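Please open the structure in your viewer and keep the selection panel at hand.

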Amino acid sequence: MLEDRTTASPTAPTVPSATPATHATPAPTDATAPGSETPWPAAYPSGYAVVDVETTGLSRDDRIISAAVYRLDARGEVEDHWYTLVNPQRDPGPVWIHGLTSDKLAGAPLFADIAEEFATRLADRVLVAHNAVFDWSMIAREYARAERTAPVRQRLCTIALSKELGLPLPNHKLESLAAHFGVVQRHAHHALDDARVLAEAFRPSLRAAASDGVRLPLLECRPLTEWADGGARVGRQGGHSAGSGTASFSAYSAYQSGSWRPSRKRPACPFPNPGRWEDGKPLKQGMRVAFSGDTSVDRELLEDRAFEAGLHIATSVSRLTSLLVTNDPDSGTSKTTKARSFGTPVIDEAAFGQLLQDVAPADGAPRAAAVPPPGDPSASDG
């Protein structure tokens, strides 16, 4: 049972505004992982914010309607928790999923009203979420609308972590991760209960990673720094990795509809599309590859390596797409839905990394150079 350091964690309540948070001093740290003689990795973060948000939908213009945060210490022990409803100032979306009607949300605070308190929950911590790219992008957009910047520099996706640990899960749904660790869900799609469930599942995952010396799949978060009706601009953080120094928001890039990433200007792929990838065969130069969801290696790095190998980076899925790369094929995103309808092959990030090592040349082209697998120390960051 997951408990706050100072008070027991209540069953997920439905409240009209922010639940008063409990504050506690950090627990003393020791030199080894709990239940083991293995030293705790010094490179691991000093704290985590396990987050879940419920939203009016999945697009860039949708809004957060509830948010929950469990703050954990360096070893995954809960420090406190916080929950709030948020008035989205629009239709609440799929009420049959989250149960939050317009009447329930009418008296809730606006996001701008809870932005500061939310920020205190996130500051100086790694944001942990299930399919973290979604939660982070929704949070970043809300802060940009409020003309603020979310104090998040790194995120950790529990889907990516479960893959790093090789957990024998039937799929990457939260309920499957919860069942693996014997965590009972009480109220699915309630932000507070989903955050509790994830925190309970994350703690043993973190300890397993520490015991095995697994490098945590941390990704940089790039906050939106401007929002307008026509779009938003994204500021790159300074340095080569998250948390490496003071953020520097320069060289804005245009916001692309359906994505919070900065636009990438690559030359056109010089090779013709040879068609769909077939299982058991190598990738071939000119194949159109699309990506969906969070990845353990930064998405841009994956895309750059694919482009360098002679592949065409597709921003959407169509009948011409050769392959979709996703770590969560059951996520129900527009790309995964279209891939299923078109019969487009779908593989995960690890399998794609293996295929990238030996891409077949386009007809009449010289053999492509092998691309180091993502995460390989010999791979260039350029």
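Two strands pair if DSSP finds at least two bridges between them. Helices (H or I, at least four residues) and strands (E, at least two) are DSSP runs, numbered from the N terminus. The model is predicted: local features need pLDDT of at least 70, side-chain atom pairs count only at pLDDT 80 or more, and totals for chains, interfaces and linings use all residues. Residues are numbered from 1 along each chain as its sequence is written, and side-chain values use heavy atoms, with hydrogens and water left out.

**The sheet**

Select alanine 49 and then leucine 127, its bridge partner in β4. Strands β1 and β4 pair in the parallel sense over three bridges. Next, display the open sheet of six strands, whose order is β3-β2-β1-β4-β5-β6 with mixed pairing. Because β3 and β6 (218–220) each have a single partner strand, they stand at the edges, and one side of each is left without a neighbour in the sheet. From one strand to the next, the twist averages 25°.

**Two helices**

Helix α7 lies across β1, β2, β3, β4 and β5, running at about 145° to β1. Axes are lines fitted to C-alpha atoms, for helices over the stretch in contact, and angles run from 0 to 180 degrees between N-to-C directions.

**An aromatic pair**

Which arrangement do the rings of tyrosine 48 and phenylalanine 202 adopt? They form an edge-to-face pair, at 5.1 Å centre to centre and with 65° between the planes. Rings of Phe, Tyr and Trp (its six-membered ring) pair if their centres lie within 6.5 Å; planes under 30 degrees apart count as stacked, over 60 as edge-to-face and the rest as tilted. Tyrosine 48 is in strand β1 (residues 47–55) and phenylalanine 202 in helix α7 (residues 191–212), 154 residues apart. Tyrosine 48 counts as buried because its relative accessibility is 0%. Buried means under 20% relative accessible area, exposed over 50%, partly exposed in between (1.4 Å probe, protein chains only).

**The nonpolar core**

Finally, select Tyr44, Tyr48, Val50, Tyr70, Leu72, Phe202 and Leu216, the residues with the most contacts inside the largest nonpolar core, which has 38 residues. Such a core is a set of buried Ala, Val, Leu, Ile, Met, Phe, Trp, Tyr and Cys residues joined through side-chain atoms within 4.5 Å. Helix α7 gives the most to this core, with 11 residues.

Conventions:
Contact means heavy atoms within 4.5 Å.
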